[in-house]
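User: I have a structure open and would like to understand the labels used for it. Could you take me through them?

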Amino acid sequence: MEFREELTPKQIVEELNKYIVGQYEAKKAVAIALRNRWRRQKLPEDLRDEVIPKNILMIGPTGVGKTEIARRLASLVKAPFIKVEATKFTEVGYVGRDVESIIRELTDVAFKMVKAEKMEEVREKARSIAEEKILDYLVPKKPRRYGSLMEEEEESPAREKFRQMLKQGLLDDKIVEIDVAEKSPAVIGGVVVPGLEDIENQLKEIFSSMGPTRTKKRRLTVKEALKIIENEEAEKLIDMDEVQSLAVKRAENFGIVFIDEIDKVASRSSNKSGPDVSREGVQRDLLPIVEGTVVSTKYGPVKTDHILFIAAGAFHLSKPSDLIPELQGRFPIRVELKPLTKEDFVKILTEPKNALIKQYKALMATEGVELEFTEDAIEEIAKIAEEVNEKTENIGARRLHTILEKIMEDYSFNAPDLKGQKVVIDAKTVREKLGDIVSSEDLSRYIL
């Protein structure tokens, strides 16, 4: 996989700006980290192995764009990406998921990506094979007998006519009965031991591959049947061993792991009693993976030396210095994300490609209702969001979802009856819908 050379750090930030408001420092840090991966690929091989990624620690309250930055970054370069919560893991040897499953999941993502790309490459060839198979169901070839010898008859004119109709989509709705490969389900045990899901999945795969491939007859439209046969043929045309080895390489060199809630595994108390299996234990287990180790996966061993780790946490009750020193040293780039202001909320509501106002307009348009938010309404919503975030818990941009849903509740409910009408939401409407709730701190705690 080649990195797109034209993606300079400035262009990466510009792309991120389309979806995320503000947070320039964080965007700049991830853009540099991404460009460094491309630079590393250009180095001589002996030096390339020495250059390790500079992992990033994002510090900031919830709802300010930490996860979104990492997710958009991965989709920009089509890199394998996985988001995990640090709180889901426990130390090896205890009940719960162990941190090595992060790398297994990342390799799974890489495998699916490579497989999809390879299948796309053979899509045309698979399509033509699928078309011939469908024609065999629609216009079977008749065998011609020469004494004891059997020879297939040459194609009839009817078959050629059907081929043309098939290509033009004229047979899409015709029902056809086809044989579909059915993997025999392998049932192993009744209880799944937490942390051993990977082993169970691998055993299922082994047993299902050992059994004969069974087929079952299904009645489908020609369009559906074509799709199923095309996918089956595409899978036969690609080399799975090559897909596996490419998936491992892609996970090793381009994988991005986003570890959220890292602050929740930081120990806050010095006088601990008993084993700290879900805090310090998890940090100790994370350490070798972030430092660089080899993890066994069903696709082969995966080296984690060059995977980019981005950790994030609010650090309300703990500080980055509460993490174990070795782990702190593995996240050399620290960026603090700023809490969102009223001006930020106005931008979030209107500017990004997936802005909330645009989403609501599109949703109401499906019912034939034209929705319009006036400028003063947007200002009022932003002001209320900032106010409620200050008074209660600061949940960042997620507060806008709650507020907008409360404003839109009645309109969404009555939308089918408003077909052909225009709904204008102004500041007065916003105050009417939310005034009582905002003025009562107890109510806003529970409703907004």
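**Reading the labels**

Analyst: Gladly! Let's start with the sheet: five strands form an open sheet in the order S2-S7-S10-S1-S11, with parallel pairing. Strand S2 (81–85) and strand S11 (333–336) stand at the edges with a single partner strand each, so one side of each has no neighbour in the sheet. From one strand to the next, the twist averages 20°. This is a predicted model, in which local features need pLDDT of at least 70 and side-chain atom pairs count only at pLDDT 80 or more, while totals for chains, interfaces and linings use all residues. Residues are numbered from 1 along each chain as its sequence is written, and side-chain values use heavy atoms, leaving out hydrogens and water.

User: What makes S2 and S7 a pair?

Analyst: Two strands pair if DSSP finds at least two bridges between them. Five bridges join S2 to strand S7 (residues 256–260), and the two run parallel. Within S7, Ile259 stands opposite Val84.

User: And how do you know that S8 and S9 pair, and which way do they run?

Analyst: Strand S8 (residues 294–297) and strand S9 (residues 300–303) are joined by four bridges and run antiparallel. Four bridges also meet the pairing rule, so this is a pair. A hairpin through two residues joins S8 to S9, and Ser296 has Pro301 in S9 as its bridge partner.

User: Why is Val257 called buried?

Analyst: Buried means under 20% relative accessible area, exposed means over 50%, and partly exposed lies in between (1.4 Å probe, protein chains only). Val257, found in strand S7, has 0% relative accessibility, so Val257 counts as buried. Leaving aside neighbours within four places in sequence, Val257 is in contact (heavy atoms within 4.5 Å) with Ile82, Ile102, Leu106, Ile307, Leu308, Phe309 and Ile310. Of these, Phe309 is 52 residues from Val257 in sequence, yet their C-alpha atoms are 4.9 Å apart.

User: Is Asp260 buried or exposed?

Analyst: Asp260, also placed in strand S7, has a relative accessible area of 11%, so Asp260 is buried. Beyond neighbours within four places in sequence, the contacts of Asp260 include Thr67, Lys83 and Ala312.

User: What makes the phi of Glu261 worth a look?

Analyst: Most residues other than glycine have a negative phi. The phi of Glu261 is near 55°, a positive value in a residue other than glycine. Phe315 has a positive phi too, near 50°. Phe315 lies in the loop between strand S10 (308–313) and helix H12 (325–329), and its relative accessible area of 10% is why Phe315 counts as buried.

User: How do you know that H2 and H4 are in contact?

Analyst: Ala26, Lys27, Val30 and Leu34 in H2 meet Ile69, Leu73 and Val77 in H4. By class, that contact has six nonpolar, no polar and one charged residues. Ala, Val, Leu, Ile, Met, Phe, Trp, Tyr, Cys and Pro count as nonpolar, Asp, Glu, Lys and Arg as charged, and the others, Gly among them, as polar.

Terms used. Axes are lines fitted to C-alpha atoms, for helices over the stretch in contact, and angles run from 0 to 180 degrees between N-to-C directions.
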